[in-house]
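Try each task before you read its solution.

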2 protein chains.
Amino acid sequence: MTRTRASLTTSLDGYVAGPDQGPEHPLGMGGMDLHTWAMELAAWQEAHASEGGITNASTTVIEEMQHNVGAVIMGRNMFSPLRGPWQDESWRGWWGEDPPFHAPVFVLTHHPRAPLEMQGGTTFHFVTDGVVSAHEQAVAAADGKDISVGGGASTVQQLIATGLLDELQISVVPILLGGGERLLDGLGDAPVSIELTRVLDAPGVTHLRYRLVKHRA
Amino acid sequence: MTRTRASLTTSLDGYVAGPDQGPEHPLGMGGMDLHTWAMELAAWQEAHASEGGITNASTTVIEEMQHNVGAVIMGRNMFSPLRGPWQDESWRGWWGEDPPFHAPVFVLTHHPRAPLEMQGGTTFHFVTDGVVSAHEQAVAAADGKDISVGGGASTVQQLIATGLLDELQISVVPILLGGGERLLDGLGDAPVSIELTRVLDAPGVTHLRYRLVKHRA
């Protein structure tokens, strides 16, 4: 059965990106420090068509994120710059011609655009009628495999608020960003029960995995 | 050597109290659910002159909080109601005549008041010249033992921002409050390096302990 899973890294104060996001700092001031733990791993390098890197307790987290993924959901800001060439259809994502998804990717946006087929099995579909529709399309496309949520925070929040997220892993890096984009915001009415299912303590990061169960209506 | 330690419980979205704090909901809507894990423990009941309760992996957390404490620092809202009898000197704290501190307690406030000596070794001192002064007085009073920070969030934030907090334990309860008082806010310029020193996974709560080290000027 398809499970919808998100795995994101936050600072100790809960931010997925620091303050003053913009072209020069796409992850905000200090935001790049959130991802050192991942980028230094061989498993991450390999997924991004690079070489080198180390193996440690976080390796399993990267491997799990890539395992059994039949479709991806992501927000528009994950796909394209905050400003710049978006509506002119020249933008083809951050990842080159062979993106590391190898599955259909459903991008939440307000701008209609024809599907964009890349190499290696990745096709970007642009969904303009909301997160529930994107999730329905992703379930159909996943064909029994899981749905991976690429982020960002707003997309994760919408999936939690609608009870559609089954698993949330928060990788907590012990830094304070003091501002920016918080992962968990405005979710006081989310119709879910949450339970910790695993703690994984790794160098420079602590991975907390939670199961979310939607309340019955 | 005196260490300054804080141990607080937050929701998964980082709140120490829920929205709409007031006389009927001193911890805000849903905020009481943060403390179920502690209040059900025999160690907590005993410290609050009660009986019964259970023992589990969280017991050690409660015991550590009470161990080797020579002084306490707390914010004014921890000592008295948000509204009501405060300046008339009739308020003697939430805890009855024998409070569970058994040490000098330094209350951060804007209202001068004579020290209030209670039973069992607790004396409340009201400090009006800021957190650094309160910390200095607490260090002197602790006489080599540790300083326990009772909260709330603002007091913890001031101690982190001044580099005076040595240890922060965050007990994360997997609920979403969606609003209220966040533990870690506005700390982007805090002059500290942070390192996880222990993870303790217990029923209904995950205890994350961090060491904070102040940067050299």
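**Exercise 1: Sizing up the interface**

Work out how many residues meet between the two chains and how much area they bury.

Solution. Start with the count: 25 residues of chain B are in contact with 25 residues of chain A. Keep in mind that this is a predicted model. Next, the area: about 2000 Å² is buried between chain B and chain A, and carbon and sulfur atoms give 67% of that. On the chain B side, B:Leu12, B:Leu176 and B:Ile194 lose the most area to chain A, together 28% of what that side buries.

**Exercise 2: Polar links and strands**

Solution. The rule picks out 2 salt bridges between chain B and chain A. One of them pairs B:Asp185 with A:Arg182, with the closest N and O atoms 3.0 Å apart; the cut-off is 4 Å, so this pair qualifies. There are also 4 residue pairs in polar contact across the interface. Now for the strands: β8 (167-173), β10 (192-202) and β11 (205-214) of chain B each supply at least two residues to the side touching chain A. β10(B) gives the most, with 5 residues.

**Exercise 3: Symmetry**

Identify how the two chains are related.

Solution. Rotate by 180° with 0.0 Å of shift along the axis, and chain B superposes on chain A with an RMSD of 0.0 Å. That's the relation of a two-fold axis. The same surface serves both copies, as 100% of chain B's contact residues recur in chain A.

Methods
Residues numbered from 1 in each chain as written. Chains lettered and ligands numbered in written order. Predicted model: local features only at pLDDT ≥ 70, side-chain atom pairs only at ≥ 80, totals over all residues. Heavy atoms only, no water. Least-squares fit on C-alpha atoms with pLDDT ≥ 70 in both. Contact = heavy atoms within 4.5 Å. Buried area = accessible area lost by both parts, 1.4 Å probe. Salt bridge = Lys/Arg side-chain N within 4 Å of Asp/Glu carboxyl O. Polar contact = N/O pair within 3.5 Å; in protein donor to acceptor, adjacent residues only side chain to side chain. Helix = DSSP H or I, 4+ residues; strand = E, 2+ residues; numbered from the N terminus.
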